[in-house]
Every structure is written in structure tokens, then in C-alpha cells.
Amino acid sequence: MTFEEFVSARLGTLVRYATVVTWDPYLAEDITQNVLVRAQARWARISRMDAPELYVKRMVVNEFLSWRRRRAAQSIPLATDTLAGHLPEAPDPSVQRDERDAMLRLVATLPPRQRAVIALRFYEDMAVDQIAEVLGCRTVTVRTHLMRALAALQNALPAPLVTTGEKP
């Protein structure tokens, strides 16, 4: 498969994957573009691999994690109140979308490595050993990140309401 064929077939998937990992569609496009520029220069070697797409996805994760470390990539967090003052809240008519949105927002608050593990485990449906290979770490490290991420998400979720059958 040529590089052009690979990009033509997998570009949309790579950008969606990068969006899940970064939680920022614009950053995802930038990271995907940077990765593809580097991959094109190495395509002769990458195309001979058993799973070139997996290698490129690993490049995406590595690029995201190194971007987070760069000094020039400082973000300025805004308080929710500040954002609410500029944008009126528009209610979503679908409860399911609300719950999904809330969960995605919680995932976005996780540290980058935990977010990457969550994305690889639940978006890419990878096993722990595959995630360890993509991230270049041990499986116990992946399990630790996964356990901590799930615990943080569980603690952030509201407690389930217990219904007794009585009306308040």
C-alpha cells in the first residue's frame, strides 16, 4: 500500500482517533498532520510492518503526549462561570446526549496518559497488553492508569438516586 492510499483510506479514522485522545478537534487535526508528515518520510519502513495503522496511531499518542510537555503549549483554563457569561446555555433535548456529554467532559479532566488509556481501551477496544505496546510501557502501568482513571470517573459521577416508591 502506498502512503497516498493509506492516507486516503485511513485519514478520517486517524483524525477521529486523535480527537478522542486529545479532546480537541483542532489540535487533533494538527497532530494528525504532523504525524502524517513524519510518517511519509518513513513510509518505506512503516509499510513493511505487520500493522502500519497501529504504528501511526502510536505516533499520534506520542505526539499528543509530547505536545502536552512542550513549553509553548500552555493552556489557560477558564472557569465555567466565565464561559457561561459569554455563551448562553442551550438545553439538550436528549437525556442520552447529556449523559454522554457529561462523561466526555469528565474524561477530558483526566491526566493525558489516563485519557489515552481510556481512549485506547474503550474507543479502540484494545486489550491491556495492546495498550501497553502502543504506549511503550508495561501492562501493570496500563492497568494502574486504567484503574485510577475509572476511579476518578466513578468519584466524579453523582451518586445514584434511591427510589423508595414514595413521592416527595
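Leaving aside neighbours within four places in sequence, H145 is in contact with R113, Q114 and V117, where contact means heavy atoms within 4.5 Å. This is a predicted model, in which local features need pLDDT of at least 70 and side-chain atom pairs count only at pLDDT 80 or more, while totals for chains, interfaces and linings use all residues. Residues are numbered from 1 along each chain as its sequence is written, and side-chain values use heavy atoms, with hydrogens and water left out.

**Overall architecture**

- The secondary structure of the chain comes to nine helices and zero strands, both being DSSP runs numbered from the N terminus (helices: H or I, at least four residues; strands: E, at least two).
- Of the 168 residues of the chain, 30% count as buried; buried means under 20% relative accessible area, exposed means over 50%, and partly exposed lies in between (1.4 Å probe, protein chains only).
- Among contacts between residues at least 6 apart in sequence, 64% join residues at least 24 apart.

**Helix α9 and its packing against α7**

- H145 is placed in helix α9, and this residue is buried, with a relative accessible area of 17%.
- Helix α7 (residues 112-123) packs with α9 at an angle of about 95°, and the two axes are 9 Å apart; axes are lines fitted to C-alpha atoms, for helices over the stretch in contact, and angles run from 0 to 180 degrees between N-to-C directions.
- That angle makes α7 roughly perpendicular to α9, on a scale where 65 to 115 degrees counts as roughly perpendicular, under 35 as roughly parallel, over 145 as roughly antiparallel and the rest as oblique.
- On the α7 side the contact is made by R113, Q114, V117, I118, R121 and F122, and on the α9 side by V142, H145, L146, R148, A149, L150 and L153.
- The residues of this contact of α7 with α9 divide into eight nonpolar, two polar and three charged, where Ala, Val, Leu, Ile, Met, Phe, Trp, Tyr, Cys and Pro count as nonpolar, Asp, Glu, Lys and Arg as charged, and the others, Gly among them, as polar.
- V140 also has its place in helix α9 (residues 139-156), and V140 is partly exposed, with a relative accessible area of 40%.
- V140 and V128 are twelve residues apart in sequence, and their C-alpha atoms are 8.7 Å apart in space.

**Salt bridges**

- A search of the whole structure finds six salt bridges, a salt bridge being a side-chain nitrogen of Lys or Arg within 4 Å of a carboxyl oxygen of Asp or Glu.
- One of them joins the side chains of R10 and E53 (2.7 Å, N to O); R10 lies in helix α1 and E53 in helix α4 (residues 52-69), so the pair ties together parts that are 43 residues apart in sequence.
- R10 is partly exposed, with a relative accessible area of 27%.
- The side chains of K57 and E53 also meet in a salt bridge (3.5 Å, N to O); both residues lie in helix α4, four residues apart, which is about one turn of the helix, and both are buried.
- K57 forms a further salt bridge with E124 (2.7 Å, N to O), and this pair links distant parts of the chain, with K57 in helix α4 and E124 in the loop between α7 and α8 (128-135), 67 residues apart.
- K57 is buried, with a relative accessible area of 7%, and salt bridges that share partners join R10, E53, K57 and E124 into one network.

**The end of helix α1**

- T22 has its place in helix α1 (residues 3-22) and counts as buried at 5% relative accessibility.
- A polar atom of the T22 side chain lies 3.1 Å from the backbone oxygen of D24.
- Leaving aside neighbours within four places in sequence, T22 is in contact with L27, A28, I31, F64 and R115.

**Positive phi values in loops**

- Most residues other than glycine have a negative phi.
- W23, in the loop between α1 and α2 (25-41), has a phi near 65°, a positive value in a residue other than glycine, and W23 counts as partly exposed at 38% relative accessibility.
- D125, in the loop between α7 and α8, has a positive phi near 55° and is likewise a residue other than glycine; D125 is exposed, with a relative accessible area of 60%.

Note on methods: A polar contact is a pair of N or O atoms within 3.5 Å; within protein, one must be able to donate a hydrogen and the other to accept it, and residues adjacent in sequence count only if both atoms are side-chain atoms.
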